[in-house]
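Subject: A structure for you to look at

Hi there,

Here is the structure I promised to pass on. Have a look around it first, and then read my notes below.

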Amino acid sequence: MRRAVLKGIGGYLPDHILKNEDLDKSLDTSDEWIRERTGIHQRHIAAEGETTSDLGYEAAVKALEDAGLTADDLDLIVVATSTPDYTFPSTATLIQERLAMTHGAAFDLQAVCSGFLYGVSVVDSMIRSGAATTVLLIGAETFSRILDWEDRSTCVLFGDGAGAMVFKGEEGGDKGVLDHLIRSDGRYREMLYVDGGPSKTQTVGKLRMLGNQVFKHAVTEIADAMRSCADKAGVPISDIDWFVPHQANQRILNGVAKKLKIEPSQVISTVALHANTSAASVPLAMLSAVEDGRIKPGDLVMLEAFGGGFTWGAALLRY
């Protein structure tokens with residue numbers, strides 16, 4: 001069986017760190033209030049002039065180095081983002097140019113915070129079908145550009161960053177993506193959305209969210225997706241070594257773990273330091289656990305995410 005095997009991983013976070021205490025000066029909030037409700041202590045914010053493609057490029061370079069490959073080895077670049085540099089061309093093609101890759105193809109996909117999981121599904125399907133062999137998948141966001149910095153219910157939740165993985169098709173062996181599942185339900189779009197767009201308002205718009213409603217749906221749908229993905233792969237939840245969730249809110253992470261009877265120590269959490277980096281959060285969280293030695297070769301890892309749309313998904317892989 002031809003599988004998409006993870007060969008390299010990399011990430012990038014902007015230098016500027018915005019701590020909860022820094023938000024006290026402009027918002028009716030406090031470090032205690034934010035920590036208690038979200039688990040977030042700080043977030044990284046892109047510098048003026050620093051774009052999503054800049055973040056994605058840095059993560060891509062590190063992932064390729066980790067894989068021992070170059071852009072010449074790639075046939076495809078996929079970028080998951082909801083904050084592209086331009087309406088078009090795609091952020092993926094901008095990164096393709098900076099990598100000096102003049103062959104193959106590059107495109108963006110948009111599923112908000114579930115974008116990287118949608119990307120895993122697309123990349124795995126293309127590799128299994130033979131349409132691609134070596135693929136660079138990037139999740140990159142500058143969500144700070146679409147936040148209403150006077151709305152304490154949303155602006156404290158998000159940060160900027162990028163994560164990348166290199167997948168290569170290999171025959172035989174037990175490593176690689178075992179299965180994946182993606183879902184959406186557009187009926188709930190007004191619970192988490194951006195109130196602008198080129199066709200609707202001719203503006204970029206700002207992020208709007210009904211936090212309590214999103215929380216309820218997120219815990220239920222994420223848990224169901226993880227169960228379904230594990231069932232498809234024929235793997236009991238109890239056999240999975242690590243769970244790498246989208247880093248939206250520590251309470252959501254805790255709620256899903258409780259619902260599935262997962263040990264909290266098995267759940268990778270970077271939300272305290274990164275906040276919600278949307279499509280970048282899953283690869284950045286996995287990178288953290290790979291670098292500190294928690295996730296080791298041979299481990300079974302479940303990735304999952306939930307985002308605006310609503311969109312959600314899960315993927316099971318052996319590292």
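Accessible areas come from the Shrake-Rupley method with a 1.4 Å probe, and for residues only the protein chains shown count as cover. By that method the protein has an accessible surface of about 13400 Å², and carbon and sulfur atoms account for 49% of this.

Some ground rules before we go on. This is a predicted model, where local features need pLDDT of at least 70 and side-chain atom pairs count only at pLDDT 80 or more, while totals for chains, interfaces and linings use all residues. Residues are numbered from 1 along each chain as its sequence is written, and side-chain values use heavy atoms, with hydrogens and water left out.

Now the overall picture. The protein has 10 helices and 13 strands (DSSP runs numbered from the N terminus: H or I of at least four residues for helices, E of at least two for strands). Its radius of gyration is 18 Å, close to the 20 Å that the globule rule gives for 319 residues, so the protein is as compact as a globular protein of that length. That radius is taken over C-alpha atoms, and the rule is 2.2 Å times the number of residues to the power 0.38. The C-alpha trace spans about 55 × 45 × 40 Å along its principal axes. Of the 319 residues, 56% are buried (under 20% relative accessible area; exposed is over 50%, and partly exposed lies in between).

Leaving aside residues up to four places away in sequence, Ile-9 touches several others, including Lys-62, Ala-164 and Leu-287. Ile-9 counts as buried because its relative accessible area is 5%.

Next, the rings. There are four aromatic pairs. In one of them, Phe-306 and Trp-312 are stacked, at 6.0 Å centre to centre and 25° between the planes. Rings of Phe, Tyr and Trp (its six-membered ring) pair if their centres lie within 6.5 Å, and planes under 30 degrees apart count as stacked, over 60 as edge-to-face and the rest as tilted. Phe-306 is buried, at 5% relative accessibility, and so is Trp-312, at 9%. Ring pairs also link these two with Tyr-188 and Phe-310 into a cluster.

Phe-310 has another feature: the peptide bond to it from Gly-309 is cis, with omega near -20°. Phe-310 lies in the loop between strand 12 (300–307) and strand 13 (311–318). Another cis bond runs from Phe-88 to Pro-89, with omega near 10°. Most peptide bonds are trans, and most residues other than glycine have a negative phi.

Ala-100 has a phi of about 60°, and Ser-278 has one near 55°. Are they buried or exposed? Ala-100 counts as exposed, at 55% relative accessibility, whereas Ser-278 counts as buried, at 0%.

Enjoy exploring, and write back with any questions!

Best wishes

Notes. Buried < 20%, exposed > 50% of the residue type's maximum accessible area, 1.4 Å probe, protein only. Contact = heavy atoms within 4.5 Å.
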